[in-house]
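Thanks for coming. I will go through one model today, starting with contacts to aromatic rings and ending with the sheet.

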Amino acid sequence: MLYPKAEKYSFDHIRDRIMGPNPIKLLEELLTDHAIPEGATVLDLGCGRGLTSVFLAREYGFRTFAADLWIDPTENWRYFTGLGLAREQIVPLRAEATALPFAEDFFDAVVSVDSYHYFGRDPAYLGAHLLPFVRRGGLLYIAIPGMKRDCHHALPPELLLSWTPEDLDTLHDIPYWRAILAETPEAEIVSIREMESNAECWDDWLRCDNEYAVSDRRSMAAGAGRHLNFIAMVLRRR
């Protein structure tokens with residue numbers, strides 16, 4: 001796959017901010033032919049260190065709310081302003097995914113890259129904690145790491161070189177996620193599919209020198225990637 005938007009950002013730029021496989025390449029594929037209206041107000045849920053939020057604001061022109069529980073919003077704000085973004089374009093905040101501090105029907109869309117699998121496995125999460133903040137007809141674009149086929153009954157040893165069974169319990173296949181999403185009738189499943197973006201995004205992450213990337217190299221070098229994928233899910237609030 002080609003990434004004309006993501007390739008504007010040098011590896012030196014992304015290396016210090018990514019927290020897993022390259023999120024802006026994942027985001028660019030996720031939003032291919034997207035239906036979010038021009039100038040939309042968008043929640044970047046689980047934005048990490050803000051790279052995806054910058055991408056949404058600069059490359060798509062969305063007014064972006066950059067929400068994360070673990071990253072200091074002041075740190076992200078300094079990053080945003082250092083790139084010339086203004087408060088009218090992007091708003092950093094600390095937020096718990098199950099206690100979002102917004103008005104109902106506030107967002108035109110929600111985007112979430114590499115985070116929804118941590119909290120969205122609860123079948124009640126979507127309807128109780130996220131969907132109310134999206135206007136009717138609004139869209140949710142979600143990209144998560146997954147498995148080609150669930151193998152929790154007999155985890156391949158190469159996966160366990162870097163991750164514990166508890167770590168891997170956040171990763172599942174498309175049928176698992178389709179069943180979870182179907183528990184929320186207010187959310188129409190527009191599409192759910194395996195993404196093309198996988199090996200290249202992993203390669204970018206494994207080139208990083210932080211301890212998590214270094215640890216992940218053991219499993220990936222042993223062939224763990226053949227069990228893994230990324231899953232793109234598009235939903236519409238009815």
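Start with R207, which lies over the face of F11, 3.8 Å from the ring centre. A charge counts as sitting over a ring if NZ of Lys or CZ of Arg is within 6 Å of the ring centre and within 35 degrees of the ring normal. K5 is placed likewise: its charged end sits over the ring of Y60, at 5.1 Å from the centre.

Before going on, the ground rules. This is a predicted model, with local features needing pLDDT of at least 70 and side-chain atom pairs counting only at pLDDT 80 or more, while totals for chains, interfaces and linings use all residues. Residues are numbered from 1 along each chain as its sequence is written, and side-chain values use heavy atoms, leaving out hydrogens and water.

Now the ring pairs. A search of the whole structure gives 17 aromatic pairs. Rings of Phe, Tyr and Trp (its six-membered ring) pair if their centres lie within 6.5 Å; planes under 30 degrees apart are stacked, over 60 edge-to-face, and the rest tilted. Y60 and F62 are a stacked pair, 5.8 Å centre to centre with 10 degrees between the planes. Y60 is buried at 15% relative accessible area, and F62 is buried at 2%. Buried means under 20% relative accessible area, exposed over 50%, and partly exposed in between, with a 1.4 Å probe and protein chains only.

What about F65 and F107? Their ring centres are 5.5 Å apart and their planes are at 85 degrees, so this pair is edge-to-face. The pair links distant parts of the chain, with F65 in strand β2 (residues 63–68) and F107 in strand β4 (residues 107–113), 42 residues apart. Strands (E, at least two residues) and helices (H or I, at least four) are DSSP runs, numbered from the N terminus. Both F65 and F107 are buried. Ring pairs also join F65, F102, F106, F107 and F133 into a cluster.

Next, the sheet. Seven strands form an open sheet, ordered β3-β2-β1-β4-β5-β7-β6, with mixed pairing. Two strands pair if DSSP finds at least two bridges between them. The edge strands, β3 (90–94) and β6 (187–194), each pair on one side only. Strands β5 (residues 134–147) and β7 (residues 228–237) pair in the antiparallel sense over nine bridges. Across that pairing, Y141 stands opposite V234 in β7. That is the last item.
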